Amino acid sequence: MAGTIKIFDTTLRDGEQSPGCSMTLKEKIQIAQQLEKLGVDVIEAGFAISSNEDFESISEIAKIVKNASVASLARAAKPDVDRAWQAVKHAKKPRIHIFIATSDIHLEYKLKMSREEALKQAREMVAYGKSLCDDIEFSAEDATRSDKDYLVEVFTSVIDAGATVINVPDTVGFTTPTEYYDLISYLKKNVKNIDKATISVHCHNDLGLSVANSLAAIKAGAGQVECTINGIGERAGNAALEEVVMSLEVRKDIFGTTTNINTKEIYRSSNLVSSITGSLVQANKAIVGKNAFAHEAGIHQHGVMTNKKTYEIMTPQSVGVPQNSFVLGKHSGKHAFSNKLEELGYSFESEQIEELFVAFKNLADKKKDISDLDLEALAQNKITRNSKPKYTIQNFTFNSGSAITPTVSLSLFVDKKENIQTVCHGDGLVDAAFKAIEELVEREYTLCKYVVKGIGDGEDAQGQVSITLKDKLTQKSANGYGLATDVVEASIKAYLHAVNKLEILCN
């Protein structure tokens with residue numbers, strides 16, 4: 001086993017491919033900067049040839065990131081490799097990640113290639129990539145359903161051509177830990193030049209085994225794990241970074257390895273990705289879920305009060321979860337408010353603190369007590385909202401009841417100057433509000449996702465609304481996020497948040 005396992009984060013590439021998880025350039029940069037704080041070794045920033053937006057975001061991230069390698073995915077084709085290199089060439093540590101499928105089912109039905117043709121193309125494109133960039137990763141797509149001896153031949157050839165990392169993906173989440181351990185062991189034994197490259201693994205979670213498979217590969221000698229924050233990704237997702245890292249951290253007695261991850265940044269990274277993508281973390285999610293460090297049963301509570309290790313195998317603080325019962329209310333001052341935000345891991349400029357404090361005071365007038373969850377929601381709302389939105393709320397009123405048609409009167413500012421207003425009816429207040437916004441901005445959208453989540457406890461808990469909108473004209477999508485003690489108000493904020501993003505994406 002390798003002494004230090006490299007963490008290759010593909011949240012911005014494979015993670016963004018999750019339905020509804022598209023991100024703006026600004027949001028991708030925010031996540032990349034947080035990944036640097038987290039300490040990942042490689043940031044796969046996107047698939048450069050897939051779109052101009054992807055190319056631009058990879059290029060900008062490459063210029064900003066200081067410590068991690070920045071990679072772009074590329075098919076084993078010259079235009080892909082050229083585009084990937086143009087995107088990452090300004091990075092301090094650029095990497096081109098070239099892939100081609102090696103399983104017979106992919107070769108026959110997807111690529112329409114023979115094994116010999118795929119091998120030749122893989123070797124030639126790795127050699128070409130090497131002429132541009134020193135760090136070349138090669139992935140054999142669907143490796144776990146490929147012939148083992150053919151994999152040996154392919155990996156031997158691409159390492160000779162200059163590959164520094166060879167990736168053995170479980171692309172469709174098909175394998176099991178024992179099988180994967182045996183495959184990695186077989187490759188280590190039979191790829192004669194394996195000492196010249198790092199073995200990487202990329203596991204999908206179709207059978208719920210992505211983390212277990214990744215750990216089995218590490219036991220067999222893999223030196224890099226490819227994963228995403230919160231495990232987001234295609235279909236059932238990828239191996240969750242937080243689960244892989246903390247398994248290695250907590251069970252050093254078993255794995256004997258370490259990573260470069262600052263584990264205290266895990267919780268903040270999870271929250272940021274969740275709020276930006278609108279992909280909510282389930283309450284019982286390992287490491288970062290709401291209940292991960294919660295104890296309700298009396299026996300558990302007694303045990304933890306006597307000795308935390310009775311039921312906690314890691315401390316909340318070790319992953320950045322605050323353990324603080326300090327309660328803020330409407331009588332709290334700005335200094336206490338600012339200190340609490342810092343304790344929770346958030347840093348804002350003085351002007352932003354002023355704006356957040358006003359929002360906090362407004363919330364405190366509606367709630368008796370403000371919990372840590374409330375403060376984190378306010379902070380995340382500030383982080384993810386556009387700094388200069390085109391449309392902002394001036395005021396709104398709504399009426400509903402068993403004997404009247406739900407009606408919303410809405411007034412918006414355009415670029416903080418012009419005022420526009422309308423009144424709309426709907427099947428409910430939320431529907432009426434959304435119709436009013438569409439009428440005012442003069443665009444039509446498809447509501448792809450609408451999720452309401454309670455933040456905090458009690459009757460005065462805030463409502464957090466996450467939505468995904470698709471512009472009917474351009475077919476581009478954006479996530480929106482809104483927070484308020486009233487669900488209709490939170491819905492309006494979320495819808496406008498998404499509309500303002502689409503104004504950027506579609507113009």
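Me: How many bridges join S3 to S4, and do they run parallel or antiparallel?
Reply: In this predicted model, strand S3 (residues 69–75) and S4 are joined by 6 bridges and run parallel, where strands are DSSP runs of E with at least two residues, helices are runs of H or I with at least four, both numbered from the N terminus, and two strands pair if DSSP finds at least two bridges between them. Val-70 stands opposite Pro-94 in S4. Residues are numbered from 1 along each chain as its sequence is written, and side-chain values use heavy atoms, with hydrogens and water left out. Local features need pLDDT of at least 70 and side-chain atom pairs count only at pLDDT 80 or more, whereas totals for chains, interfaces and linings use all residues.

Me: What unit do S3, H3 and S4 make?
Reply: Together with helix H3 (residues 78–88), S3 and S4 make a right-handed β-α-β unit; right-handed says that, with the strands pointing away from the viewer, the path from the first strand over the helix to the second runs clockwise.

Me: How many residues of S4 are buried?
Reply: In S4 (residues 94–101), 8 of its 8 residues are buried, that is, under 20% relative accessible area with a 1.4 Å probe and protein chains only, against over 50% for exposed and in between for partly exposed. Pro-94, Ile-96, Ile-98 and Ile-100 point one way, while Arg-95, His-97, Phe-99 and Ala-101 point the other way.

Me: Which residues touch the most other members of the largest nonpolar core?
Reply: Those are Ile-96, Phe-138, Phe-155, Val-158 and Val-168, out of 93 residues, a nonpolar core being a set of buried Ala, Val, Leu, Ile, Met, Phe, Trp, Tyr and Cys residues joined through side-chain atoms within 4.5 Å. Helix H6 (residues 148–161) gives the largest share of this core, 8 residues.

Me: Changing topic, what order do the strands of the open sheet take?
Reply: The order is S9-S10-S11, with antiparallel pairing. Strand S9 (391–401) and strand S11 (418–425) each have a single partner strand, so one side of each is left without a neighbour in the sheet.

Me: Which helix packs on it?
Reply: Helix H17 (residues 487–505) packs on the sheet, touching S9 and S10, where contact means heavy atoms within 4.5 Å. The direction of H17 makes about 140° with that of S9, using axes fitted to C-alpha atoms, for helices over the stretch in contact, with angles from 0 to 180 degrees between N-to-C directions.
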